[in-house]
Amino acid sequence: LSRASAEVTELIADRADGWDRTGLLPVDLLRTLGAAGRLCPQVPPAHGGWGLSSRSCGEFTAHVGSLCGSVRSVMTSQSIAAGTVERFGTPAQQAAFLPRLTGGELAAAGFSEPAAGSDLSAITTRIRRDGDTVVLDGHKIWVTAAHYADLLILFGRYEDGAAAVVVPASAPGVRIERVGDPLGCRAAGHADITLDAVRVPAGNLLGGHSLPLPFLVTTALAHGRMSVAWGCVGILRGCLKAAGQHAARRSQFGVPLGGHQLVARHLAELLVAKETATRACEHASRCWDEGSPDQVMATVLAKYLSAREAARGAATAVQVLASAGARDGHVVARAHRDAKLMEIIEGSSEMCQLLLARYAPGGAA
Ligand code: FAD
């Protein structure tokens with residue numbers, strides 16, 4: 001893990017700011033990471049993966065997240081794609097698709113539609129069987145990494161339930177258009193996808209049969225929630241480091257900024273945010289690694305808390321740096337924009353709160 005972390009540090013180095021400004025990641029770098037199994041580190045070695053536990057996977061995700069929110073976002077998409085194939089694919093489908101996801105091909109996962117954001121029960125993308133093929137019609141929006149993807153995992157209505165289908169991005173009838181000027185994670189390749197009578201082999205329909213929609217999307221999203229939660233720990237690490245260094249180096253009123261009690265309090269709050277988010281993520285990963293029944297709640301809690309703390313913490317870091325951090329491209333400015341988006345995706349903070357309320361005494365059923 002430490003060697004892989006050092007490798008990724010070297011690959012990303014100080015390039016994240018430039019990628020954020022141009023809105024593009026180098027595809028060869030993504031393929032290099034992908035071919036080493038680094039973009040979906042949980043996939044077992046039998047399928048060419050790295051086979052990390054949830055805890056180690058989280059540590060690696062946090063490290064990447066501390067360096068570049070866009071690369072971490074691409075990892076999150078690849079992890080959802082791989083997790084969906086692992087969970088819902090037949091052994092033959094796993095053998096067919098997982099080695100591609102650990103071999104350098106890039107993937108994205110499409111749930112959201114124009115009228116189906118928080119409410120995924122409103123999705124209208126249709127999947128229908130036609131002989132030995134399936135045909136997809138619909139429209140997906142804001143799909144992270146779709147601009148770079150070779151394979152799309154697309155969720156839609158199938159028979160009396162729902163299904164996920166592996167669709168090559170190059171299939172006839174697929175149109176991918178980038179989302180312009182996203183607030184944050186600007187190089188993550190967000191794109192809208194139009195599906196016009198897209199025909200793929202029936203063997204690409206994961207599991208081969210329909211499933212209840214809530215079960216399918218909730219299970220698939222759980223991988224994204226863990227990845228985002230750990231990514232937010234990375235954002236907090238980057239912010240604490242930048243704010244701490246600045247507070248030590250810059251003096252005002254004859255003392256280092258950190259010597260002013262109100263600034264010291266900012267640093268203390270950032271430390272508390274980083275540590276609290278880390279503990280919540282560690283607990284959730286332990287639940288995954290032990291197969292604990294608390295896994296669902298722990299995952300939602302970790303995602304909610306880490307995203308909230310990252311958004312607050314990044315704003316605090318900008319406050320400590322003030323004008324020094326108030327430039328596009330600065331690590332804390334990037335963190336501020338990236339972290340805000342983490343409160344929106346993979347279940348917004350409000351949707352997470354509603355889910356968590358179910359576990360509170362007297363909470364909504
Ligand atoms: P809405 O659902 O319209 O919600 C608007 C606001 O109302 C939010 O604050 C929400 O929390 C609140 N709200 C809605 N319903 C309720 C309720 N019942 N109670 C309380 N509050 C409520 N989608 C994909 O499929 N794949 C991706 O890879 C992907 N990546 C994304 C990356 C980014 C950077 C962004 C911004 C979006 C991405 N999305 C992706 C879409 C994302 O999943 C949705 O934006 C998210 O689910 C919220 O949906 P919405 O934007 O339509 O907001």
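**Domains, cavity and pocket**

Modeller: Twelve residues of domain 2 touch 13 residues of domain 3, where contact means heavy atoms within 4.5 Å. This is a predicted model, in which local features need pLDDT of at least 70, side-chain atom pairs count only at pLDDT 80 or more, and totals for chains, interfaces and linings use all residues. Residues are numbered from 1 along each chain as its sequence is written, and side-chain values use heavy atoms, with hydrogens and water left out.

Biologist: Where do domain 2 and domain 3 lie in the chain?

Modeller: The bounds come from an automatic or database domain assignment. The chain is divided into three parts, starting with domain 1 (2–101). The other two are domain 2 (107–211) and domain 3 (214–357).

Biologist: What area do domain 2 and domain 3 bury between them?

Modeller: Buried area is the accessible area (1.4 Å probe) that two parts lose on being put together, summed over both. Carbon and sulfur atoms carry 80% of the area between domain 2 and domain 3, and the total is about 1100 Å².

Biologist: Which residue forms a salt bridge with Asp-328?

Modeller: A salt bridge is a side-chain nitrogen of Lys or Arg within 4 Å of a carboxyl oxygen of Asp or Glu. The count between domain 2 and domain 3 is one. For Asp-328, the closest N and O atoms are 3.1 Å apart, and the partner is Arg-186.

Biologist: Which helices each supply at least two residues of the lining of the largest cavity?

Modeller: On a 1 Å grid over the protein atoms alone, a cavity is a set of points where a 1.4 Å probe fits but cannot get out, and lining residues have an atom within 4 Å of a point. Among the lining residues are Gly-65, Gly-234 and Arg-334. Helices are DSSP runs (H or I, at least four residues), numbered from the N terminus. Those supplying at least two residues each are α4 (54–67), α7 (213–249) and α10 (331–342).

Biologist: Which element gives the largest share of the lining of the largest pocket?

Modeller: A pocket is an open set of grid points with protein on both sides within 12 Å along at least five of seven lines. The largest pocket holds about 1200 Å³ of space, and 43 residues line it, with Gly-117, Leu-120, Leu-221, Glu-346 and Gly-347 nearest its centre. The largest share, six residues, comes from α7.

Key:
Grid points are joined across faces, edges and corners, and a volume is the space filled by probe spheres set on the points.
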